[in-house]
Amino acid sequence: MKQRPAVWATIGVIAFGVVWELFVRIGDIKPFALLEPSRIVRAIADDPTFFLRITWSTAWHTLAGVAIGLVLAIVTGAALAAFRPLEWAVQPILVLIMVTPWVAYISSIILLLGAGLPTILFMVSFVTFPPFVFATVLGLRSADVSAREVFASIDASPFDVFWRLRFPSALPSIFTAARFSVGLGLAAAFFAEGGSASSLPGLGATAARTRLDQTLGAPVLWGSILCSTLLGIGFLLGVTVLERKLLKWHPSQRFTIG
Amino acid sequence: MTAGIHIEGISKSFGTLDALAPVDLEVQPGEVVTLLGPSGCGKTTLLRIVAGLERPTTGIVSIDGGPPDTARTRKQIGFVPQSPALLPWRTVEANARLLQDVNKVSNPRLLPDVVDLLDQVGLADFRNAYPHELSGGMQQRVALVRAFALGAPYLLMDEPFAALDEITRAEMRHLLATLCEPLNTAVLFVTHSLAEAVYLSDRVAVLSVRPGRITETVRVRLDRPRTPDLENDSTFFAIETRLRHLLQEGAER
């Protein structure tokens, strides 16, 4: 039989949806606890503009936050890769940021920065910053030793070495970090939107409002959740496409037998 | 100003390990000198010291009267490492142009045309290819062009053909001789191949086992331009045999 991964993936998703639908109907589960997939899809189909608007808003929050985190991480990573003592000094702080559950201190951040956009952008960039820094440092250091000597043989400036050699060498590990950072960033955006309870549109803010005001209904809550799932898939696809385009030279992006 | 490369009493120790005993050597402008020795004898270390990539424990290197660091800053050194060290994200032409693009303010000369050089080494049709699309020999040809594209008066080559098969290796030494001869470029070439040493050099400095010292310098009196049929010549064989004996003697010391 011919191998068709896409067909099997579709069958898997449909089967999962059917089991879910039957589980909710037969088990008579409360809508806020779990809603049938058919009702979620219907809710989105009934008001696509609304869901598109809040999804777009969360997408923008996530992308802006991840971009800020990434740029700061590249600058920091370049400094850490250049000075070992600085890396030793900063590494424990980055580990602390990574291992501390950010949901635990988000209310304090809201107190500090106020409800709204600053908190959301801070949270997204804050949680994505450490993995990007580690990836950048590792990638910058992995630049080919012989190529570094070729650059040194003509006394290339630190900027030339960074821009023409080290940064492109770091791209594969930065993309690996991006794969899970977008998911992390989306979760942070969703939670920060909800936690800040601001009037901003967004999937997290909408989901939070349905919990406060149950007249909005479970379909809106579950519609927001499904939209965030689709947004996460969209982000991953975006990273993959960008990776294929920018890293076409890298062995990971070349399809060979074996 | 003293033209050429002058190596005086250069030695190198790594901790308690003596890699290189004091070495004296000169490379005149336009001269091709080979450092021939067994693996681990310190010939690469000596080359890296000349290139300014390693500091000597004792001794002085001067290139055109100045320290290697000045020669590096002035882009007077075309360095070819053991592996081609091409940047996989740049095309063949962009790789060949790399050293011209970097540190542009130090380009003091009229630079050679990269496209012409690629044509000379038979890569004109591969200008837009990426390194992974090339064979090992082709990649090393790009690395040679990258060094030649600097138009530098000194080329330092660290066993650039060591990873290639014998046939490709022979092609590469023939090609290198063809590229070098019209340019009057001085070359310091590291190898453990006798055929490469004889075919390319004006002089061969034979190094003993670690800590490396120059046991003898052999002048290669073969006409230029060198052509591949020279490798069947009795003089070629005679020099090769002499070098082999010197290497064996060096290994027994």
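**Exercise 1.** Is Gln82(B) buried, exposed or partly exposed, and why?

*Solution.* The model is predicted: local features need pLDDT of at least 70, side-chain atom pairs count only at pLDDT 80 or more, and totals for chains, interfaces and linings use all residues. Residues are numbered from 1 along each chain as its sequence is written, with chains lettered from A and ligands numbered from 1 in the order in which they are written.

Step 1: take the cut-offs. A residue is buried if 20 or more other C-beta atoms (placed from the backbone) lie within 10 Å of its own, exposed if 12 or fewer, and partly exposed in between.
Step 2: apply them. Gln82(B) counts as partly exposed because it has 18 C-beta neighbours inside 10 Å.

**Exercise 2.** Find which residues Gln82(B) touches, not counting residues up to four places away in sequence.

*Solution.* Step 1: contact requires C-beta atoms, placed from the backbone, within 7 Å.
Step 2: the partners of Gln82(B) are Ser146(A), Asp158(B), Glu159(B), Pro160(B) and Ala162(B).
Step 3: for Phe161(B), 79 residues apart from Gln82(B) along the chain, the C-alpha separation is 7.2 Å.

**Exercise 3.** Describe the side of chain B that touches chain A.

*Solution.* Step 1: 19 residues of chain B are in contact with 18 residues of chain A.
Step 2: the residues on the chain B side divide into 12 nonpolar, 5 polar and 2 charged. Here Ala, Val, Leu, Ile, Met, Phe, Trp, Tyr, Cys and Pro are nonpolar, Asp, Glu, Lys and Arg are charged, and the others, Gly among them, are polar.

Definitions and conventions. Two residues are in contact if their C-beta atoms, placed from the backbone, lie within 7 Å.
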